[in-house]
Amino acid sequence: MDARMFGLETPLMAALQHLLDVPDGDAGAGGDKAGAAGSGPTRTYVRDARAMAATPADVKEHPNSYAFVVDMPGLGTGDIKVQVEDERVLVISGERRREEKEDAKYLRMERRMGKFMRKFVLPDNADMDKISAVCKDGVLTVTVEKLPPPEPKKPKTIDVKIA
C-alpha cells in the first residue's frame with residue numbers, strides 16, 4: 001500500500017520510511033518481493049552493505065602473516081564474531097547496542113549503533129588453521145598466518161641409455 005494514497009507524503013513519513021529500509025512501493029509488501037522482475041536489492045543486502053560500508057578496516061601484510069585491524073570501541077568479546085566462510089572468506093561481525101538507562105535521556109546521539117560487518121577474501125597462501133583475534137583498547141586485530149613458501153622443485157635427472 002502506498003502512503004501517497006492517503007496524503008501521507010511528508011518529509012517525516014519519507015524519513016521514517018528511509019529508517020525502516022522500506023523502498024517506495026513496498027510499504028505493505030511484507031519485506032522482500034521474491035521473484036519480482038526488476039525489483040531492487042533485498043533488505044538483507046542493503047542492511048549488509050550499510051554495515052560493511054560503516055566498518056572501516058586496515059589490512060597489513062607482514063613477512064609471515066596478514067593483519068586485519070578494525071576499531072571496535074566499547075565492545076566486549078561477546079559482541080564480536082570472527083568467522084571463516086566458504087573456506088577463504090574472513091568475516092568480522094557483531095553488534096553495538098544502545099545503553100538503556102532509566103534515569104537518563106539522550107540529548108545527542110552521534111555514535112554509531114547497530115550491526116557491523118566486514119568480509120575479506122583471504123589469499124591462497126593464508127593458513128586457515130592459524131587465525132587468531134585479539135581485541136585490545138578497542139582495536140580488534142585478526143592475524144592470519146601465511147603458509148610456508150613451497151620448496152623449489154629440483155629438476156629430475158633422467159639417465160640416458162645407449163642402445
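This is a predicted model: local features need pLDDT of at least 70, side-chain atom pairs count only at pLDDT 80 or more; totals for chains, interfaces and linings use all residues.
Let me begin with serine 65, which has its place in strand E2, residues 65–71, where a strand, like a helix, is a DSSP run numbered from the N terminus, with at least two residues of type E for a strand and at least four of type H or I for a helix. Residues are numbered from 1 along each chain as its sequence is written, and side-chain values use heavy atoms, with hydrogens and water left out.

Serine 65 counts as buried because its relative accessibility is 9%; buried means under 20% relative accessible area, exposed means over 50%, and partly exposed lies in between, with a 1.4 Å probe and protein chains only. If we set aside residues up to four places away in sequence, serine 65 touches Lys60, Thr143, Val144, Glu145 and Lys146, a contact being heavy atoms within 4.5 Å.

Further along strand E2 we come to alanine 67, which is also buried, with a relative accessible area of 5%. With its neighbours within four places left out, alanine 67 is in contact with Asp58, Val59, Lys60, His62, Thr141 and Val142.

Four strands form an open sheet in the order E1-E2-E7-E6, and their pairing is antiparallel; two strands pair if DSSP finds at least two bridges between them. The edge strands here are E1 (57–61) and E6 (126–136), each of which pairs on one side only. From one strand to the next the twist averages 15°, with axes taken as lines fitted to C-alpha atoms, for helices over the stretch in contact, and angles running from 0 to 180 degrees between N-to-C directions. Strands E6 and E7 are joined in the antiparallel sense over seven bridges, and one of the details to look for is lysine 136, whose bridge partner in E7 is valine 139.

The other sheet is open as well, with three strands in the order E3-E4-E5 and antiparallel pairing. Strands E3 (80–85) and E5 (114–121) stand at its edges with a single partner strand each, so one side of each is left without a neighbour in the sheet. Strand E3 is joined to E4, residues 89–96, by six bridges; glutamine 83 has valine 91 as its bridge partner in E4, and glutamate 85 stands opposite valine 89. The hairpin of E3 and E4 has three residues between the strands, and there aspartate 86 takes a positive phi near 50°.

Valine 82 also belongs to strand E3, and at 32% relative accessibility it counts as partly exposed. Its contacts, beyond residues up to four places away, are Leu90, Val91, Ala133, Leu140 and Val142. The C-alpha atoms of valine 82 and isoleucine 131 are separated by 9.6 Å, although these residues are 49 apart along the chain.

What aromatic pairs does a search of the whole structure find? The search finds one: phenylalanine 68 and phenylalanine 120 form a tilted pair, 4.8 Å centre to centre with 45° between the planes. For such pairs, ring centres of Phe, Tyr and Trp (its six-membered ring) must lie within 6.5 Å, and planes under 30 degrees apart count as stacked, over 60 as edge-to-face and the rest as tilted. This pair links distant parts of the chain, since phenylalanine 68 is in strand E2 and phenylalanine 120 is in strand E5, 52 residues apart, and both residues are buried.

That brings me to the largest nonpolar core, which has 15 residues, with Phe68, Met72, Ile92 and Val142 making the most contacts inside it; a nonpolar core is a set of buried Ala, Val, Leu, Ile, Met, Phe, Trp, Tyr and Cys residues joined through side-chain atoms within 4.5 Å. The elements that give two or more residues to this core are E2, E4, E5 and E7 (139–146). Methionine 72, with residues up to four places away not counted, touches Ile80, Ile92, Arg96, Phe116, Gly138, Val139 and Leu140.
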